[in-house]
Amino acid sequence: MVIDDRPTELMKKSDLKPRVLVVEYDPVKLERLKALLSEGDKVQVLEALTAEQAETLLTEEENIVLVVTSFHLPKNDGISLAFGHIGRGNSCPVIILYSDGELHHHRIFRESGVSFLHEPFSDEALLSLAR
């Protein structure tokens with residue numbers, strides 16, 4: 001086994017595991033999402049409880065390949081987070097989880113590359129969007 005002892009700042013982006021950012025304020029939902037999306041040791045799951053924390057991670061972290069966010073977040077919402085992310089030129093896909101009555105006109109948003117998943121959802125439904 002080879003251990004990489006290079007300082008983190010010297011590691012190339014290709015050396016990093018793909019990362020999935022999960023943005024969820026409910027601890028039970030957060031743990032479920034992390035367990036579903038972790039894929040064993042293949043993917044690193046980053047977590048944020050608020051849109052502000054997520055925006056910081058999206059700015060500072062590399063190799064984020066997917067963002068999964070709740071529509072309803074403290075002080076902000078998943079749509080603002082998604083479109084702020086896309087507006088900064090980021091191309092990784094975004095999945096917004098929503099409940100009845102939270103989202104109107106979601107067809108318009110799909111054209112921008114954002115996917116939506118209605119809660120409650122099956123594990124298979126989330127994983128098929130995440131692939």
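View 1. Leaving aside neighbours within four places in sequence, L97 is in contact (heavy atoms within 4.5 Å) with L33, V68, T69, S70, F71, L117, E119 and F121. This is a predicted model, where local features need pLDDT of at least 70, side-chain atom pairs count only at pLDDT 80 or more, and totals for chains, interfaces and linings use all residues. Residues are numbered from 1 along each chain as its sequence is written, and side-chain values use heavy atoms, with hydrogens and water left out. L97 sits in strand β6; helices (H or I, at least four residues) and strands (E, at least two) are DSSP runs, numbered from the N terminus. With a relative accessible area of 1%, L97 is buried. Here buried means under 20% relative accessible area, exposed over 50% and partly exposed in between, using a 1.4 Å probe and protein chains only. One of the contacts, V68, is 29 residues from L97 in sequence, yet the C-alpha atoms are 7.5 Å apart.

View 2. Next along in strand β6 comes Y98, which counts as buried at 11% relative accessibility. The C-alpha atoms of Y98 and S70 are separated by 6.4 Å, though these residues are 28 apart along the chain. Y98 also pairs with F116, edge-to-face, at 6.3 Å centre to centre and 80° between the planes. Since Y98 lies in strand β6 and F116 in strand β7, the pair ties together parts that are 18 residues apart in sequence. The pairing rule takes rings of Phe, Tyr and Trp (its six-membered ring) with centres within 6.5 Å; planes under 30 degrees apart count as stacked, over 60 as edge-to-face and the rest as tilted. By that rule, the count is one aromatic pair.

**View 3. E119, a buried loop residue.** E119 is in the loop between β7 (114-118) and α5 (123-130). At 13% relative accessibility, E119 counts as buried. Not counting residues up to four places away in sequence, E119 touches K29, L97, Y98 and S99.

**View 4. Helix α1, one side in and the other out.** Within α1 (residues 27-37), the buried residues are L30, L33, K34, L36 and L37. Seen down the axis of α1, they fall within an arc of 165°, so they line one face of the helix; the arc is that of the directions from the helix axis to the C-beta atoms. The buried residues of α1 pack against β1 (19-23), β2 (44-48), β3 (64-70), β6 (94-98) and α5. At the start of α1, a side-chain oxygen of D26 comes to within 2.8 Å of the backbone nitrogen of V28. Just after the helix, E39 takes a positive phi of about 50°.

**View 5. Two nonpolar cores.** A nonpolar core is a set of buried Ala, Val, Leu, Ile, Met, Phe, Trp, Tyr and Cys residues joined through side-chain atoms within 4.5 Å. The largest has 21 residues, and L21, V23, I64, V67 and I96 have the most contacts inside it. Two or more residues each come from β1, β2, α2 (51-60), β3, α3 (78-87), β6 and β7, with α2 giving the most to this core, four residues. Apart from this core lies another of 15 residues, among them L36, L37, V68 and L97.

How values were computed
A polar contact is a pair of N or O atoms within 3.5 Å; within protein, one must be able to donate a hydrogen and the other to accept it, and residues adjacent in sequence count only if both atoms are side-chain atoms.
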